[in-house]
Amino acid sequence: MTDRDPMIHVRVPAPLRDEIQEFARKHGRSMSAEIVLRLSQKPEEVLESEAESFLREEAADLEVQIPGIKWELNQAHKRLGEMFAMLVETRIPVADDKIALLQSQTRFYRARLEEAESRLRRIRRIIK
């Protein structure tokens, strides 16, 4: 785009202006450049771009969540190990429901971790 290109003035609803402004900011473009890009893209290119943007955000969210899930799983394993050690060392009976609860928590966090890692792998294969 140059200063010699024709200029037009267009009225747009405020929410659309805000959306264009946000996309332009995220991608380091001016609002004019963002509008020209959008108008020059074919509809399927716009959808692909939006889908890729969504997948990148999902991947970033998962990358933040996974360490927390790993920590929770580690804590559940630790509590379960402590309970078994107490059971063996002190011979103090531990309620079966407490052990079952800890085992259930461990399975829950393991499944959650596996699901999050699987989703992240699938997203990375798509967006490379």
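Exposed, in these legends, means over 50% relative accessible area, and buried means under 20%. The views below all come from a predicted model.

**View 1. Arg125, an exposed residue of helix 4.** Arg125 sits in helix 4. Its relative accessible area is 54%, so Arg125 counts as exposed.

**View 2. Thr106, a buried residue of helix 4.** Helix 4 spans residues 96-127 and includes Thr106. Here the relative accessibility is 4%, so Thr106 counts as buried. Follow the side chain of Thr106 and you will find the backbone oxygen of Leu102 at 2.9 Å. Setting aside residues up to four places away in sequence, Thr106 touches Leu73, Ala76, His77 and Leu80.

**View 3. The largest nonpolar core.** As background, nonpolar side chains tend to be buried together in soluble globular proteins. In this model, the largest nonpolar core holds 13 residues. Good places to start are Leu62, Ile66, Leu113, Ala116, Leu120 and Ile123, which have the most contacts inside this core. Helix 3 (43-90) and helix 4 each supply at least two of the core residues, and helix 3 gives the most, with seven. Zoom in on Ala116 and, leaving aside neighbours within four places in sequence, you will see Ala116 in contact with Leu62, Ile66 and Ile69.

**View 4. Helix 1 meets helix 2.** Two packed helices are described by the angle and the distance between their axes. Helix 1 covers residues 14-26 and helix 2 covers residues 31-40; their axes come within 9 Å and cross at roughly 100°. Angles of 65 to 115 degrees count as roughly perpendicular, so helix 1 is roughly perpendicular to helix 2. On the helix 1 side, the contact is made by Arg17, Glu19, Ile20, Gln21, Phe23 and Ala24. Helix 2 answers with Met31, Glu34, Ile35 and Arg38. Sorted by class, this contact between helix 1 and helix 2 has five nonpolar, four charged and one polar residue.

**View 5. Lys42, in the loop between helix 2 and helix 3.** The loop joining these two helices is where Lys42 lies. With 48% relative accessibility, Lys42 counts as partly exposed. If you widen the view to take in Leu101, note that Lys42 and Leu101 are 59 residues apart along the chain, with 54 Å between their C-alpha atoms.

Methods:
Residues are numbered from 1 along each chain as its sequence is written. This is a predicted model: local features need pLDDT of at least 70, side-chain atom pairs count only at pLDDT 80 or more; totals for chains, interfaces and linings use all residues. Side-chain values use heavy atoms; hydrogens and water are left out. Axes are lines fitted to C-alpha atoms, for helices over the stretch in contact, and angles run from 0 to 180 degrees between N-to-C directions. Helices (H or I, at least four residues) and strands (E, at least two) are DSSP runs, numbered from the N terminus. Angles under 35 degrees count as roughly parallel, over 145 as roughly antiparallel, 65 to 115 as roughly perpendicular and the rest as oblique. Contact means heavy atoms within 4.5 Å. Ala, Val, Leu, Ile, Met, Phe, Trp, Tyr, Cys and Pro count as nonpolar, Asp, Glu, Lys and Arg as charged, and the others, Gly among them, as polar. Buried means under 20% relative accessible area, exposed over 50%, partly exposed in between (1.4 Å probe, protein chains only). A polar contact is a pair of N or O atoms within 3.5 Å; within protein, one must be able to donate a hydrogen and the other to accept it, and residues adjacent in sequence count only if both atoms are side-chain atoms. A nonpolar core is a set of buried Ala, Val, Leu, Ile, Met, Phe, Trp, Tyr and Cys residues joined through side-chain atoms within 4.5 Å.
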